[in-house]
Structures are given as structure tokens and as C-alpha cells.
Amino acid sequence: MAQRTVPVTARWPGTAAAVLVLVLTLGTLGAVAWRAQWGGGLAPADWAAIRFTVVQALISALVSVLLAIPVARALSRRRFLGRQLLITLLGAPFILPVIVAVLGLLAIFGRGGIVNDGLGWLGFAPISIYGLHGVVLAHVFFNMPLAVRFILQGWLSIPAERFRLAASLNVPVGRLLEWPMLRAVVPSTFLVIFLICLTSFAVALTMGGGPRATTVELAIYQAVRFDFDLGRAALLACIQFVLCVVAAILAWQVTGDDPIGTGLDRVVQRWDLARPAVDFSVIGLAALFLLLPLAMILLRGLPGFPDLSATIWAAALRSVLVALGSSALCVSMALALALRGGRLVSVVGVMPLAASGLVVGTGAFLLVFPFVRPADVALIVTMLVNATLALPFALRSVAAAVAQIKQDYGRLALSLSITHWSWVRLIVLPRVRRPLGFAAGLAAALSMGDLGVIALFAGQAEETLPLAMYRLMGAYRMETAASAALLLVAISFALFWLCDRWGRADADM
């Protein structure tokens with residue numbers, strides 16, 4: 001009698017996917033460690049970059065979480081028309097190309113933005129967005145909505161029975177319920193955002209303000225592209241990897257236990273709903289902060305959209321091809337790893353979280369440089385790295401569905417002696433189509449907005465749309481850059497919607 005409870009599955013696809021991930025993470029790390037100039041030590045500018053990287057990440061994470069707490073509290077307390085839509089829009093910055101958001105923030109706070117125009121009209125001196133405060137502002141724009149989503153889940157997880165208990169005891173809800181929940185949720189949220197801010201190359205590239213506002217990743221880019229000092233770039237890449245690993249381990253460990261407990265899933269009824277004007281003001285300001293930069297992109301970019309040059313459209317085509325290839329590879333690896341299963345696969349699946357895109361890109365540059373011109377393989381390497389960096393999100397979406405399928409249909413497939421490929425084609429794919437479509441859309445959108453690896457490899461002939469946008473901004477062609485940003489946003493969200501729609505159409509689950 002068969003002892004296994006799941007069908008016999010081919011292990012080589014999952015093994016091949018794991019090997020590819022290991023090559024692109026540990027392999028590239030080995031390349032930078034081998035090439036690093038360990039004996040030369042760090043220059044004062046390198047120490048300054050390390051300090052700035054850590055400081056800006058700490059401040060960005062702290063400000064994002066502190067601003068997210070009142071917004072999440074107001075959303076948990078109030079019910080209004082459009083609330084669900086607003087909560088959904090809070091996830092939009094995650095797939096929004098970074099360079100687009102930066103351009104929107106420049107339209108508000110930049111040299112020719114609304115704020116400086118208003119200050120000039122009032123007779124005040126203009127402000128500069130570049131430097132530490134600009135980097136923090138951009139990080140808050142991206143990560144405050146993410147923090148709101150995390151903390152809001154904590155508020156919504158408090159059972160209705162606990163609010164009733166607080167009412168019967170006549171004790172403040174904040175001390176009895178909200179404060180214990182925040183102590184459990186906020187530390188892990190802070191560390192996750194801190195890790196994200198450590199690896200935000202595009203923000204530092206566009207919003208940094210010279211040597212005093214240079215992150216480690218930006219220093220790596222400058223060492224490769226301008227100084228061609230590969231030894232120094234490799235040493236900085238090792239330091240960046242250590243910073244990311246430490247942050248990832250802390251984020252993994254600091255996960256608070258549920259301090260509230262469970263309830264009967266009743267609708268929450270609250271009596272502490274005084275001062276609605278405060279809650280709605282907080283919600284309104286948060287919505288304005290998130291939506292106004294995007295509205296400025298639309299207003300400035302729409303007039304010049306029909307006049308975009310052939311160069312921009314060619315860059316957009318390259319971005320789409322890279323995004324489609326990255327998406328297909330990412331979901332294929334996620335499905336193969338999920339089917340293989342096991343603890344090793346779980347470890348391999350989360351390894352990219354500790355790998356910075358610039359570290360992986362630097363290692364790939366060192367590996368290919370002796371053999372081919374880096375620009376010749378720019379698009380292929382970008383596709384491979386983007387697929388690997390998006391793998392943890394795709395695997396998290398797909399693995400749970402595959403595990404449930406094995407539990408529900410494994411014994412039946414064994415009794416019918418279904419082969420591996422029939423098992424995948426007839427049983428798995430129809431039922432995993434929904435999470436597969438979501439993962440494909442997420443990977444495609446993230447790849448469309450990439451401005452990391454491509455900046456190390458590409459020349460003028462290989463530039464993608466985000467890189468073309470960055471060069472337009474560097475040439476102060478802001479109106480054309482806004483039109484290109486509008487195109488980038490439209491393609492990114494279209495790819496995400498099409499993939500997600502494919503996953504939901506006629507799906508069995």
C-alpha cells in the first residue's frame with residue numbers, strides 16, 4: 001500500500017528553481033566577496049554612506065509608523081462611503097513605480113512645484129526637497145500606506161467581545177486593548193519598513209543631495225558607473241548585504257504574539273466614537289498626501305502624452321518584454337518550488353528578501369564582465385534579478401494554495417495513479433490559477449518599475465522606461481518625464497490587472 005498522501009511529483013523543476021535562486025543570491029554574493037578590497041578598508045565617504053543609509057532608514061520607518069497609527073485608528077473607527085476603496089488604494093504604492101512617485105513628489109515639493117510656487121507668491125524663499133528630508137518624504141509616501149495596512153489589520157483583529165468587556169469595566173479602550181495590540185504589531189512593522197528603506201536605490205538616486213545624502217547602494221552605483229572601481233563596489237555590496245541580513249533577521253524574530261485572543265467573529269460595536277472631525281481630518285490628509293502627487297502626474301503628463309518620441313516608446317517596449325519575461329519566470333519558479341515543498345524550499349524562497357537588488361546586480365556585473373560587454377546582457381540579467389526579487393511574494397501567494405490542493409486531492413490522485421504532468425495540468429493549475437494570476441501581475445508590475453540593476457548595465461540602446469524617465473529628469477525635461485511617467489503607470493497597472501483578471505476568470509478557486 002502506498003504510504004505517501006500526495007502524488008509523485010517531479011522534483012527537478014523545483015531543484016532547478018532553487019539552484020537559480022542560489023546562484024543569483026549566494027553566487028553573486030560570493031562574486032562580490034571574492035572581488036572586494038578587504039585590505040584597503042573604508043574611506044570616510046564610505047562610512048558617511050553607511051551612516052546615512054542607517055539613519056535615513058530609521059527616520060523613514062519611524063515617521064511612517066507614527067503617521068500610520070492615527071490613520072489606521074481612524075479607519076478602524078469610522079464607516080463611510082468609499083472606505084473600502086481607500087483601503088484598497090493604500091496598496092497601490094507597493095506596485096507603483098518608484099520613479100513615478102518621485103516625479104509626483106517633485107511636482108508638489110520640487111523647485112517648480114506647488115509648494116514653492118505658493119511660497120514665492122507669499123514672498124518666502126523656496127525650499128529644496130533634495131537631501132535627507134527628501135529621501136524621508138519619498139519613503140513615507142511609499143511606506144506609510146503599508147504601515148497603515150499592517151496596523152489596521154491589528155485593530156480589526158480585536159474581537160468585539162473585548163470592546164464589550166472594556167465597556168462593562170468602564171476602562172479606556174486604549175489602555176486595555178489598543179496599546180497591547182500596538183506593542184505586538186508596531187515593532188515588526190517598523191523593522192519591515194526599515195528593511196525596505198535600506199534597499200531603496202531609486203529614491204536615493206533621484207532625491208539624494210550630494211555626498212552627505214548618499215546611501216550604500218548609491219555609492220555602489222557610483223563606484224561602478226563613474227569610477228569603475230569594482231573592488232570598492234564589491235566591498236560596499238558586502239556591507240549592504242550584511243545590513244539587509246541583520247534587518248531581515250530582526251524583522252523575522254520580532255513578531256509579537258497575539259495579546260488579545262479570539263472572539264466569536266461578531267460585528268464590532270464601539271462607543272468611544274467622539275470627535276469624528278478629528279478622525280475624518282486624519283483620513284482626508286492621508287488621502288490627499290497619497291493622491292495629490294499622482295494627480296499632478298496626470299495633469300502634467302496628459303498634454304504631452306500624444307507627442308512622446310519613438311525613443312520613449314522603444315524603452316516602453318523593452319520594459320514590457322522584460323516584465324513579461326520576469327513575470328513568467330517568477331511564477332514558474334514559485335509553482336515549481338511550491339510543488340516540491342520541504343523546509344529547504346521555504347528557506348530558498350525567502351533568501352531574496354535579504355538580497356538587495358544592487359548587491360545582486362553588482363555580483364552579476366562582476367560575473368559577466370570578463371566574458372561579455374555588460375550592456376549586451378542588460379535586459380536578460382535585469383529579467384533574472386527582477387524575477388528572483390519578486391519570488392518571495394509570489395511563493396507566499398502560491399505555496400498555500402498548492403499545499404491545500406495536495407491535502408484535498410493527494411490521496412485521490414494516488415489511487416488513480418495520475419502522473420506528475422497530468423496532476424499539474426488537470427488538478428493543480430485550474431485550482432491555483434487565482435493566486436498564480438495575482439503573483440504574475442505583481443511580478444510584472446514590480447519589474448516594470450525597476451530602476452536598480454538596469455542602471456548598472458544598460459547603455460542608451462538598452463534603457464528601459466524608468467531609466468529613460470530618470471535621464472529626462474536629469475535633463476530637466478519634466479513635462480516629457482511626466483508624460484513618460486503616465487505611460488509607465490498605465491502599463492504597470494494594465495499588466496497587473498490583466499494577469500490578475502486572467503487568474504480570476506473561470507477559475508475553480
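Student: Which residues does S483 touch, not counting residues up to four places away in sequence?
Tutor: S483 touches R300, G301, G304, F305 and L308, where contact means heavy atoms within 4.5 Å. This is a predicted model, in which local features need pLDDT of at least 70 and side-chain atom pairs count only at pLDDT 80 or more, while totals for chains, interfaces and linings use all residues. Residues are numbered from 1 along each chain as its sequence is written, and side-chain values use heavy atoms, with hydrogens and water left out.

Student: Is S483 buried or exposed?
Tutor: S483 is buried, with a relative accessible area of 1%. Buried means under 20% relative accessible area, exposed over 50%, and partly exposed in between (1.4 Å probe, protein chains only).

Student: Switching topic, how many residues are in the largest nonpolar core?
Tutor: That core has 123 residues, and L75, V100, I151 and F457 have the most contacts inside it. A nonpolar core is a set of buried Ala, Val, Leu, Ile, Met, Phe, Trp, Tyr and Cys residues joined through side-chain atoms within 4.5 Å. Another core, of 31 residues, lies apart from the largest one and has A338, A390, L391 and A439 among them.

Student: And what is F457 in contact with?
Tutor: Leaving aside neighbours within four places in sequence, the contacts of F457 include R225, G361, F365, P374 and V381.
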